[in-house]
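Subject: Two-chain model for you to look over

Hi,

Here is the structure I promised. Please open it first, then read my notes below.

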Amino acid sequence: MELMKSSDNIIQDRTQQQHKQEPEMQAQEGQQEQGHHFHVLAVDDSVIDRKLLEKLLKVSSYQVTCVDSGDKALEYLGLLNNLDSDSTASSSSPSSSSSSSSSSSNSSSCSQSSQREGLKVNLIMTDFCMPGMSGYDLLKRLKGSSWKDVPVVVMSSENVPSRISIRCLEGGAEEFMLKPLQLSDLEKIEAYLLKSLHLSCTNIDKDDDDNNADHNSDNNNDKVVNNDSNIDKGNNSTSMNNNFSKRKALSSEDTESRRPKIKGLAVAI
Amino acid sequence: MELVQIQRRLVDYTKSLFMEGFLDAQFLQLQQLQDDSNPDFVFEVVSLFFEDSEKLLNELTIALDQPNVDFKKIDSHVHQLKGSSSSIGAQRVKNACIAFRNYCDVQNIEGCLTCLQQVKQECYLVKNKFETLFRLEQQIMASGGSVPTTELGF
């Protein structure tokens with residue numbers, strides 16, 4: 001598929017990975033290498049739209065998980081029982097003290113850690129209008145959680161007033177898309193996924209033990225810089241700061257291309 | 001009937017559904033998503049739609065029959081039906097839902113009742129159309145042929 005081929009080229013350029021994978025190959029290998037099989041979490045209360053979205057994504061060689069509500073999405077991501085979602089699993093999880101008493105709960109109860117171990121979600125696509133928790137509510141919860149760096153796309157079956165779509169964008173959504181989605185819309189999604197891949201390569205991922213080439217080189221650079229120069233020390237005292245400022249630079253560069261074109265409205269950047 | 005003739009029939013029939021407004025481009029999208037790994041995809045989605053719409057239409061009938069009509073609930077159901085009909089390309093059902101919601105907005109019960117009838121009628125009609133379509137496809141498959149892809153002038 002053309003879509004896959006183009007993303008193949010970009011990923012190979014960025015991460016210098018040599019492998020070629022058939023689109024049919026399943027995601028495990030791909031996920032570890034953050035390569036060809038992005039994992040999308042789709043949230044929609046309509047069974048038909050879930051089926052459609054799942055198919056669209058699978059045809060585009062993404063791995064898909066579908067849930068039918070915002071609550072289920074939070075549960076899946078391990079956010080449901082944690083009020084303070086920014087903390088990591090090891091420091092704040094209430095289960096750490098009771099882990100000995102509930103032997104079965106550690107593996108099955110995702111809700112007790114703020115981030116499920118090993119769970120990788122590259123993109124969240126959510127319907128806007130859902131009973132109970134709306135897509136906007138879900139968006140806010142996500143952006144206030146440890147999953148805040150995962151791009152979120154909000155979808156709606158109708159042309160909602162721009163104040164609503166802008167609200168979503170201001171709330172941190174990458175884009176507001178009209179349903180029914182088409183294969184051509186998936187190309188936009190690919191762009192967000194690739195962006196998230198690049199971000200995760202330059203971020204320190206606190207929970208991640210993966211060897212990431214960029215990550216390692218950043219650490220090494222910082223050590224060199226700190227030893228050699230006081231000036232740099234101020235700016236780059238931790239590799240985390242270094243990466244945050246890299247992220248900021250990225251976002252400001254990308255802002256213009258990221259901003260979806262809203263008809264009839266000038267988006268001030 | 002010869003395979004080629006059935007295939008011809010299917011192509012013509014499909015075209016007519018587009019011409020008459022029963023189906024729109026979204027249905028083409030559905031067909032494009034169907035492949036060998038999931039040869040019944042369109043059938044499955046369409047079937048899901050009719051299961052879903054039957055439930056919604058029943059709910060709507062009940063809701064409009066209440067002494068105090070809950071228009072918010074009705075709007076919600078119609079919104080759902082509009083969304084799912086739009087997702088499968090059932091254009092006339094979708095349009096009937098749009099009209100329905102307009103009457104709902106102004107809380108016009110008579111208008112809503114009329115619209116409900118129209119939506120039911122459109123669902124019934126398009127259901128028959130789909131059944132014919134799938135029957136033709138099955139005939140083609142049974143004769144060892146492949147279903148021609150829909151190509152339209154527009």
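At 27% relative accessibility, Glu54(A) counts as partly exposed. Please keep in mind that this is a predicted model.

Glu54(A) has a charged partner. Its side chain meets that of Lys58(A) in a salt bridge, 3.6 Å from N to O. Both residues sit in helix H3 of chain A. They are four residues apart, about one turn of the helix. Lys58(A) is also partly exposed, because its relative accessible area is 49%, which falls between the 20% and 50% limits.

Which residues does Lys179(A) pair with? One is Asp49(A), with the closest N and O atoms 2.9 Å apart. That pair links distant parts of the chain, 130 residues apart. Lys179(A) is in the loop between strand E5 (175-178) and helix H10 (183-202) of chain A. Asp49(A) is in helix H3 of chain A. Lys179(A) is buried, and so is Asp49(A).

Another partner is Asp127(A). The side chains of Asp127(A) and Lys179(A) meet in a salt bridge at 3.1 Å, N to O. Here too the link is between distant parts of the chain: Asp127(A) is in strand E3 (residues 123-127) of chain A, and the two residues are 52 apart. Both Asp127(A) and Lys179(A) are buried. Shared partners join Asp44(A), Asp49(A), Asp127(A) and Lys179(A) into one network of salt bridges. Over all chains, the count is 13 salt bridges.

Is Ser156(A) buried or exposed? It is buried, because its relative accessible area is 2%, under the 20% limit. Leaving aside neighbours within four places in sequence, Ser156(A) is in contact with Asp127(A) and Lys179(A), and also with Phe128(A), Phe176(A), Met177(A) and Leu178(A).

**Where the chains meet**

Chain A and chain B bury about 1700 Å² between them. Of that area, 62% is on carbon and sulfur atoms.

The contact takes 15 residues from chain A and 22 residues from chain B. There are four salt bridges between the two chains. One of them joins Lys82(B) to Glu158(A), with the closest N and O atoms 3.4 Å apart. Helix H3 (residues 47-59) of chain A gives the largest share of the side of chain A that touches chain B, eight residues. By class, that side has nine nonpolar, two polar and four charged residues.

**The two chains in outline**

Chain A has 13 helices and five strands. Of its 269 residues, 47% count as buried. Among its contacts between residues at least 6 apart in sequence, 65% join residues at least 24 apart.

Chain B has six helices and zero strands. From the N terminus on, its elements run α-α-α-α-α-α. Buried residues make up 46% of its 154 residues. For contacts in chain B with a separation of 6 or more, residues 24 or more positions apart account for 69%.

**Confidence in chain A**

Chain A averages a pLDDT of 67, and 47% of its residues score at least 70. Which elements of chain A have the lowest and the highest mean pLDDT? Helix H7 (residues 105-108) of chain A has the lowest, at 42. Strand E2 (residues 63-67) of chain A has the highest, at 97.

Two stretches to note before you set anything up. Over residues 84-114 of chain A the pLDDT is below 50. Beyond near neighbours in sequence, that stretch has 42 contacts in the model. The pLDDT is also below 50 over residues 205-259 of chain A. This second stretch has 53 contacts in the model, again beyond near neighbours in sequence.

Best wishes

Notes:
Residues numbered from 1 in each chain as written. Chains lettered and ligands numbered in written order. Predicted model: local features only at pLDDT ≥ 70, side-chain atom pairs only at ≥ 80, totals over all residues. Heavy atoms only, no water. Contact = heavy atoms within 4.5 Å. Buried area = accessible area lost by both parts, 1.4 Å probe. Nonpolar A, V, L, I, M, F, W, Y, C, P; charged D, E, K, R; others polar. pLDDT = per-residue confidence, 0-100. Buried < 20%, exposed > 50% of the residue type's maximum accessible area, 1.4 Å probe, protein only.
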